[in-house]
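Please look over the sequence and the model below before reading on. The paragraphs that follow go through the structure step by step.

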Amino acid sequence: MARALRPLVEGRRIVRCRVIHPIVVSRGSRQSRKLAAAQLEKSLRGMRIRGVERRGKYLILVLERGAVVLHFRFDGQLIWFNSKETSGHVDVAFETGGGTLGFVDPRHLGRVQYVGSPEEVPGIRGLGVDALSKGFTAAHFAELLAASRKPVKILLLDQSKVAGIGNIYSSEALWRARIDPRRPAHRLITVEMRRLHKAIVDVLQRALECCLNPAPNFRDPKWRFQGLERILRVYGREGKSCRRCSQPVRRIEQGGRSTYFCAKCQR
DNA sequence: CCTGCTACCTGATGGC
DNA sequence: TGCCATCAGGTAGCAG
């Protein structure tokens, strides 16, 4: 998202910001939502967008002064349109001279906020090492695993340990590394930790390549990252045969979320 | 401090 | 067709 968005918005000035559904700017009362919405609109008026950054699953529009922090949760997305008319389900519209960026989230679980610095957002301050950064080394990862008794799948989802791995890629990485998602993290042996580390990096990089070509078309109001299914080996394949050993893929619940794995070749 | 559970929202899907 | 239950790529806040 950050890479695709950069050429579209970098250097542009936000002429006006309109909050259409205040629920995405605050989870407080109706009153406090309205207040937060008004403050966001006021803070962004006339502000130039210097750059676009990503931290874990947060997207950040870096402004001349302060920043807009976006989180998409399950369904949030961005679209770009030319008119000022907000068609469809736009929650927040950022109008620039050359077009409007819309934050769209029909379920309203996503968040949009203006901050002086991204570090003010607790979720960002608390992020662990980013899975796509140089700091994510096998050695560091091994230390994290060794320090936790949680099931390894649950640990992978903990953004305060490693930032950027979600429910799909945690299942995918464990399948690639042939590790049972239920195993306590600290019980993995060194070669398994290294295998899992490589699997995480590989699966995220493949997904990234997939998402960048074809690049998302923000002008299509119902665009989605395409072709991700092509790289998925287990996620969502309950009952279908394992791509490695033909055993049926199982779905279990861990921490209230679905995990997919093969009980035969993941040990 | 850590851990596990639930609320937050709405739309799509599948069984009956 | 309509109705109901279930599921969804995530995180914050709470209790223990």
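**A walk through the model**

Lysine 34 sits in helix H2, which covers residues 30-44; helices here are DSSP runs of H or I with at least four residues, strands are runs of E with at least two, and both are numbered from the N terminus. With a relative accessibility of 54%, lysine 34 counts as exposed; buried means under 20% relative accessible area, exposed over 50%, and partly exposed in between, with a 1.4 Å probe and protein chains only. Between lysine 34 and arginine 54 there are 20 residues in sequence and 27 Å in space, taken from C-alpha to C-alpha.

This is a predicted model, in which local features need pLDDT of at least 70 and side-chain atom pairs count only at pLDDT 80 or more, while totals for chains, interfaces and linings use all residues. Residues are numbered from 1 along each chain as its sequence is written, chains are lettered from A and ligands numbered from 1 in the order in which they are written, and side-chain values use heavy atoms, with hydrogens and water left out.

Next comes the chain as a whole. Chain A has eight helices and twelve strands. Its radius of gyration is 20 Å, close to the 18 Å from the globule rule for 267 residues, so chain A is as compact as a globular protein of that length. That radius is taken over C-alpha atoms, and the rule is 2.2 Å times the number of residues to the power 0.38. The C-alpha trace spans about 55 × 35 × 35 Å along its principal axes.

Of the 267 residues in chain A, 47% are buried. Among contacts with a separation of 6 or more, 63% are between residues 24 or more positions apart; a contact means heavy atoms within 4.5 Å. The chain exposes about 13500 Å², and carbon and sulfur atoms supply 49% of this area, by the Shrake-Rupley method with a 1.4 Å probe, where for residues only the protein chains shown count as cover.

How many positive and negative side chains does chain A have? There are 51 positive and 23 negative ones, and the centres of the two sets lie 3 Å apart. Lys and Arg count as positive and Asp and Glu as negative, while His and the chain ends are not counted. Each charge is placed at NZ of Lys, CZ of Arg, CG of Asp or CD of Glu.

Alanine 173 is a residue of helix H6 (residues 167-177). At 0% relative accessibility, alanine 173 counts as buried. Leaving aside residues up to four places away in sequence, alanine 173 touches Leu196, Ala199, Ile200 and Val203. Valine 19 is 154 residues from alanine 173 in sequence and 38 Å from it in space, C-alpha to C-alpha.

The aromatic rings come next. The whole structure contains five aromatic pairs; rings of Phe, Tyr and Trp (its six-membered ring) pair if their centres lie within 6.5 Å, and planes under 30 degrees apart count as stacked, over 60 as edge-to-face and the rest as tilted. Phenylalanine 136 and phenylalanine 141 make an edge-to-face pair, 5.4 Å centre to centre with 65 degrees between the planes. Both of these phenylalanines are buried. Tyrosine 235 and tyrosine 260 have ring centres 4.9 Å apart and planes at 65 degrees, so this pair is edge-to-face. It links distant parts of the chain, 25 residues apart: tyrosine 235 is in the loop between helix H8 (228-231) and strand E11 (250-254), and tyrosine 260 is in strand E12 (residues 257-261). Tyrosine 235 is partly exposed at 25% relative accessible area, whereas tyrosine 260 counts as buried at 11%. Ring pairs also join Phe218, Trp223 and Phe225 into a cluster.

The last topic is the backbone. Most residues other than glycine have a negative phi, and most peptide bonds are trans. Asparagine 213 and proline 214 are joined by a cis peptide bond, with omega about 5 degrees. Proline 214 is in the loop between helix H7 (190-212) and H8. Histidine 108, in the loop between strand E7 (99-104) and strand E8 (111-115), has a positive phi near 55 degrees. Arginine 178, in the loop between H6 and H7, has a positive phi near 60 degrees. Histidine 108 counts as partly exposed at 22% relative accessibility, and arginine 178 counts as partly exposed at 36%.
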